[in-house]
Amino acid sequence: MQPSFWHEKWDAQQIGFHLSAVNPLLVKYWPQLELDTNAQVFVPLCGKSLDMCFLAEQGHHILGCELNELAVQQFYRENSLPFEVSRTAEHQRFHTEQVSIYQGDIFSLDASEMLNTTAFYDRAALIAWPEEMRLAYANQLANLIPDNSVGLLITLDYPQAELNGPPFAVSDDWIQANLAANFKIERLACEDVLADNPRFVKKQVSWLTESVYKLTRKG
């Protein structure tokens with residue numbers, strides 16, 4: 001999964017991963033994190049997700065990170081948000097009152113930019129990585145966020161051999177085996193969502209589940 005893959009997807013607007021509405025699992029389970037209204041929330045690989053608007057509406061301050069500049073520009077313009085752009089090391093920093101997005105590679109983002117972060121939200125980041133790259137991302141997420149930060153993670157699982165990702169299948173076993181060193185893990189839900197995903201049905205994927213986790217960064 002080279003950066004060019006995602007740039008080509010955005011250039012062609014082949015962005016089926018982008019939802020045209022706020023994720024209902026975010027709405028349902030976010031309150032379980034019990035955050036202060038003005039908490040700062042990190043959203044990795046944020047794209048132009050409307051979930052950031054929902055989080056801002058809760059009073060939170062959003063820090064996103066997104067590789068593709070077009071995605072960032074579309075987020076602000078499609079939501080009629082005036083923005084300023086500055087430079088922070090290897091990233092462009094797009095900024096409005098409650099939402100700042102670092103445009104660039106998440107692996108070159110510095111933890112010093114996130115000292116005030118207390119929460120994070122990952123709907124489409126972990127599942128965007130093939131298994132051989134996934135752990136490096138998970139470790140970078142752990143490196144970026146301060147100790148005791150809490151987050152909501154949403155994953156998909158299905159027989160990987162039946163369909164090429166992304167999104168890639170991430171099993172509960174993988175979560176428990178690879179995230180437990182850095183995070184306290186609580187699985188909040190696991191739902192059968194095959195019928196709600198026509199692409200998977202069309203490809204004759206035999207089953208598809210969506211899981212929600214509460215993760216707490218260990219100190």
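How many nonpolar, polar and charged residues are in the lining of the largest cavity? I looked this up in a predicted model.

**Entry 1: the cavity**

I counted 1 cavity of 30 Å³ or more. I recorded a volume of about 60 Å³ for the largest cavity. I found its lining to hold 9 nonpolar residues, no polar residues and 1 charged residue. I listed the lining residues as Phe120, Asp122, Leu126, Tyr137, Ala138, Leu141, Leu153, Leu179, Phe183 and Leu215. I noted that strand S6 (117–122) and helix H5 (131–144) are the elements that give two or more residues to this lining. The largest share, 3 residues, comes from H5.

**Entry 2: the nonpolar cores**

I next examined the largest nonpolar core, which has 36 residues. Phe42, Leu126, Ile175, Leu179, Phe183 and Leu215 touch the most other members. I noted that two or more residues each come from strand S2 (61–66), H5, strand S7 (150–157), helix H6 (172–179), strand S8 (183–192) and strand S9 (209–217). H5 gives the most to this core, with 5 residues.

I then took up Ile175. Leaving aside residues up to four places away in sequence, I found that Ile175 touches Leu126, Leu153, Thr155, Val170, Ala180, Ile185 and Tyr213. I also recorded a second, separate core of 28 residues, with Trp30, Cys46, Met52 and Val99 among them.

**Entry 3: helix H4 and its ends**

I turned to helix H4 (residues 69–78), where the buried residues are Ala71, Val72, Gln73, Gln74, Phe75 and Tyr76. At the N-terminal end of H4 I found Asn68 as the cap, with a side-chain oxygen 3.0 Å from the backbone nitrogen of Leu70. Ser80 follows H4 and is found in the loop between H4 and strand S3 (84–88). I noted that Ser80 is not a glycine, yet has a positive phi of about 55°. Ser80 counts as exposed because its relative accessibility is 63%, over the 50% cut-off.

**Entry 4: further backbone exceptions**

As background, I recalled that most residues other than glycine have a negative phi, and that most peptide bonds are trans. I found that Gln204, also not a glycine, has a positive phi of about 60°. Gln204 is found in the loop between helix H7 (198–202) and S9, and is exposed at a relative accessible area of 68%.

Where are the cis peptide bonds at Pro166 and Pro167? I found one running from Gly165 to Pro166, with omega near 0°. Another joins Pro166 and Pro167, with omega about 0°. I placed Pro166 in the loop between S7 and H6, and Pro167 lies in the loop between S7 and H6 as well.

Methods. Residues are numbered from 1 along each chain as its sequence is written. This is a predicted model: local features need pLDDT of at least 70, side-chain atom pairs count only at pLDDT 80 or more; totals for chains, interfaces and linings use all residues. Side-chain values use heavy atoms; hydrogens and water are left out. On a 1 Å grid over the protein atoms alone, a cavity is a set of points where a 1.4 Å probe fits but cannot get out, and a pocket is an open set with protein on both sides within 12 Å along at least five of seven lines; lining residues have an atom within 4 Å of a point. Grid points are joined across faces, edges and corners, and a volume is the space filled by probe spheres set on the points. Helices (H or I, at least four residues) and strands (E, at least two) are DSSP runs, numbered from the N terminus. Ala, Val, Leu, Ile, Met, Phe, Trp, Tyr, Cys and Pro count as nonpolar, Asp, Glu, Lys and Arg as charged, and the others, Gly among them, as polar. Buried means under 20% relative accessible area, exposed over 50%, partly exposed in between (1.4 Å probe, protein chains only). A polar contact is a pair of N or O atoms within 3.5 Å; within protein, one must be able to donate a hydrogen and the other to accept it, and residues adjacent in sequence count only if both atoms are side-chain atoms. A nonpolar core is a set of buried Ala, Val, Leu, Ile, Met, Phe, Trp, Tyr and Cys residues joined through side-chain atoms within 4.5 Å. Contact means heavy atoms within 4.5 Å.
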